[in-house]
Amino acid sequence: MASPTPRTAGAPLQPSPGSTLAGGSSLTAPAGLLPAPGPEPRGARTAHFRKVLDVAAAQSLLTPVVFIFVALFLVPIGASIFLSFTDFNGYTTHFSFVGLANYRALLSSDQILSGLYFSILYAVATTVLVTLIAVPLAVVLNRRFFGRNFVRAALFFPAVPSLLVLGLVWAYIFAPISSGVVNSVLHDLFGLGPVLWLSEDRLAQLSVIIVGVWAQAGWHATLYLAYLQSIPGDYYDAAMIDGASNYQCFFRITFPLLAPAMTVSVVLLMTGGLRVYELPLAITSGNGSPGGPGYSTYTVTQNILQFGVSQGQYGQGSAMSVLFLLLVVAALLVVLSLLRRREARLR
Amino acid sequence: MNKKQRRLLGSAVTSVVMIVIACGAALPFYYIIVNTFKTQEQTALSPLGLPSSLNFSNYENVFRTVPVFHSLENTTYVTVLSVLIMLLVGSLAAYTFTVWPTRFNRRLNVVVMLALAVPFQSTLVPLYEMMVKARLVDSLTGLVIPYSGGAIFCCFLIQGYMSKLPFELVESARVDGCGPFQTYWRVVVPLSRPILVTVGVFQTMWVWNDFLIANTFLSSPQKDTLVLQVYNSIGQYSTDWPSFMTLTVLSLVPITVFFVVMQRHIVSGLLAGAVKG
């Protein structure tokens, strides 16, 4: 639909007063820089022709991005919406419309509801915990102390490797047998028996969230740090002269000025959290069930893949995809508008 | 204690506390690295202890049984190709949107950017079906197609940078007789190099580390990327922890080297990416 064929797109360019020739140029140049139309009509016509060609060529540079948008976003989303109302299964070309049956089936399935529950729990918990850790961390990392560069790099590093690999590493750390680090430390220090971190519902969820926080806190601290570094030191000097305490400086200067950073960080954490996929998959993969004990760490994204790809139930998988898209967009809009309003209030 | 001494003490305390925290955060990496030099019994006895001697048999074992270099090659191929396509498509679009902001282009720009809010997983099911029909699944080159969706994010970041470039340079290239593509290639691309590197580094980390797309669209073992290789070896090494950790450590080497070399760009990429929204 939105494919700009060069000629049609070239036509409605900003008509500029004077000659139709200058109208061919849509460059945002100051008017004085535009070459004046040639004195003889013939030269002018070739110049005009060249400009039309230029605009056509420039518009054609947009073709790849439009193609990607249509092929990878527009068509798949349209198809998802369409298929979600059908019983298409991929094997036969026959399918019929089933209305909202797919959606109803989703909302009455325990597996799907627990996937939805854990994805939301993970997103909210990691958002809150990472923010609570990253803001003070950034304030400390902004001070001068010995070993600061090492500390910054070490805390950032967990954001570098693949989450899947990190999850597999943590699966070993939480393992119930003696080589599991957490249990061996608990045993050596406190004489506690092995805790079955990944086999009990609540503990498995907690474990995944802990790893999620560990993997992201340093990254978000780095983000806050960059905003902190842009706060002029004068503000603090002035506050000190007025007799403000460190505590007051933090809550009256640092915290309000970090509002834009918080908007960015929280939006990324929320939308990223809802999309979580490989982390729980990897952490609980050791005990045989990819959804963790009793689907407790099953996610929406895992549901989509299981129905839509592995089992070929395109109808249900698509309905799941549509619900997921709505969930992410709604979360994005709500979080963004709340935080934007907060920014405006603190300004 | 005077003021200066107190400040020094404070900074020393900060140092110690922060270094301890940093070491704690790095403990998982220490844990997998030390265990690559141990036998299974040693790992079971003292998971966190240092190995009594440097024992490379796990490395020999992994190199013998897992085609590590082959999957490294696969990952490199997919990553380089995807990132080049994303950068080319994204920067071309950013260039046109910046230099020709007609009403049509401005609207198109807004529509295209809506894709940034779409989580990839919600397009996955129909995309998978389309790819199966086009016989592009289980192909390393076909895998580049879903990754190329990242071009829109590239376009967004590059546009922010291009809009601050001096327009006179583009105009003078035009006066000198350069067509739009020539202007892009000879003037705009060289001027945009910093953002292209930053965005390229950012997207390289995404494609290199991606599991979801690779695992969905690839099925034959000889096409495994590094991350898939690790994932698919879980069963093979279910009891042999030290070998599995060795494979994990090996899979982390390239991205760690990349991090060390590109650290500055990774952080600036983070910041460029964070301006989104």
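**Labels and their grounds**

Mentor: Start with helix 11 (residues 233–241) of chain A. Of its 9 residues, the number buried is 0, so helix 11 of chain A lies largely in the open. Keep in mind that this is a predicted model.

Trainee: Why are helix 4 of chain A and helix 16 of chain A called oblique to each other?

Mentor: Take the angle. The axes of helix 4 (residues 63–83) and helix 16 (residues 314–346), both of chain A, cross at roughly 120° and come within 7 Å. Roughly perpendicular runs from 65 to 115 degrees, and roughly antiparallel needs over 145. The pair is therefore oblique. The crossing of helix 4 of chain A past helix 16 of chain A is left-handed.

Trainee: Which residues make that contact?

Mentor: Helix 4 of chain A uses A:Ile77, A:Ser80, A:Ile81 and A:Leu83. Helix 16 of chain A uses A:Tyr314, A:Gly315, A:Ser318, A:Ser321, A:Val322 and A:Leu325. By class, that contact has 6 nonpolar, 4 polar and no charged residues.

Trainee: What makes helix 4 of chain A roughly perpendicular to helix 6 of chain B?

Mentor: Again, the angle. The axes of helix 4 of chain A and helix 6 (residues 121–133) of chain B cross at roughly 85°, coming within 8 Å. The label covers 65 to 115 degrees. That makes the two helices roughly perpendicular. From helix 4 of chain A, the residues include A:Leu72, A:Phe73 and A:Pro76. Among those they meet in helix 6 of chain B are B:Val125, B:Pro126 and B:Leu127. The contact has 9 nonpolar, 3 polar and no charged residues.

Trainee: How many residues of chain B are in contact with chain A?

Mentor: 73 residues of chain B touch 83 residues of chain A. On the chain B side, 53 are nonpolar, 18 polar and 2 charged.

Trainee: Which residues have the most contacts inside the largest nonpolar core?

Mentor: A:Val65, A:Tyr224 and B:Ile152, in a core of 164 residues. Helix 10 (residues 201–229) of chain A gives the most to this core, with 13 residues.

Trainee: How do you know that B:Ile152 is in contact with A:Val65?

Mentor: By the cut-off: contact requires C-beta atoms within 7 Å. Leaving aside neighbours within four places in sequence, B:Ile152 is in contact with A:Val65, A:Ile68 and A:Phe69 of chain A, and with B:Val112, B:Ala115 and B:Leu116 of chain B.

Terms used. Residues are numbered from 1 along each chain as its sequence is written. Chains are lettered from A and ligands numbered from 1 in the order in which they are written. This is a predicted model: local features need pLDDT of at least 70, side-chain atom pairs count only at pLDDT 80 or more; totals for chains, interfaces and linings use all residues. Axes are lines fitted to C-alpha atoms, for helices over the stretch in contact, and angles run from 0 to 180 degrees between N-to-C directions. Helices (H or I, at least four residues) and strands (E, at least two) are DSSP runs, numbered from the N terminus. Angles under 35 degrees count as roughly parallel, over 145 as roughly antiparallel, 65 to 115 as roughly perpendicular and the rest as oblique. A crossing is left-handed if the near helix is turned anticlockwise from the far one by less than a right angle, and right-handed if clockwise. Two residues are in contact if their C-beta atoms, placed from the backbone, lie within 7 Å. Ala, Val, Leu, Ile, Met, Phe, Trp, Tyr, Cys and Pro count as nonpolar, Asp, Glu, Lys and Arg as charged, and the others, Gly among them, as polar. A nonpolar core is a set of buried Ala, Val, Leu, Ile, Met, Phe, Trp, Tyr and Cys residues joined through C-beta atoms within 7 Å. A residue is buried if 20 or more other C-beta atoms lie within 10 Å of its own, exposed if 12 or fewer, and partly exposed in between; C-beta atoms are placed from the backbone.
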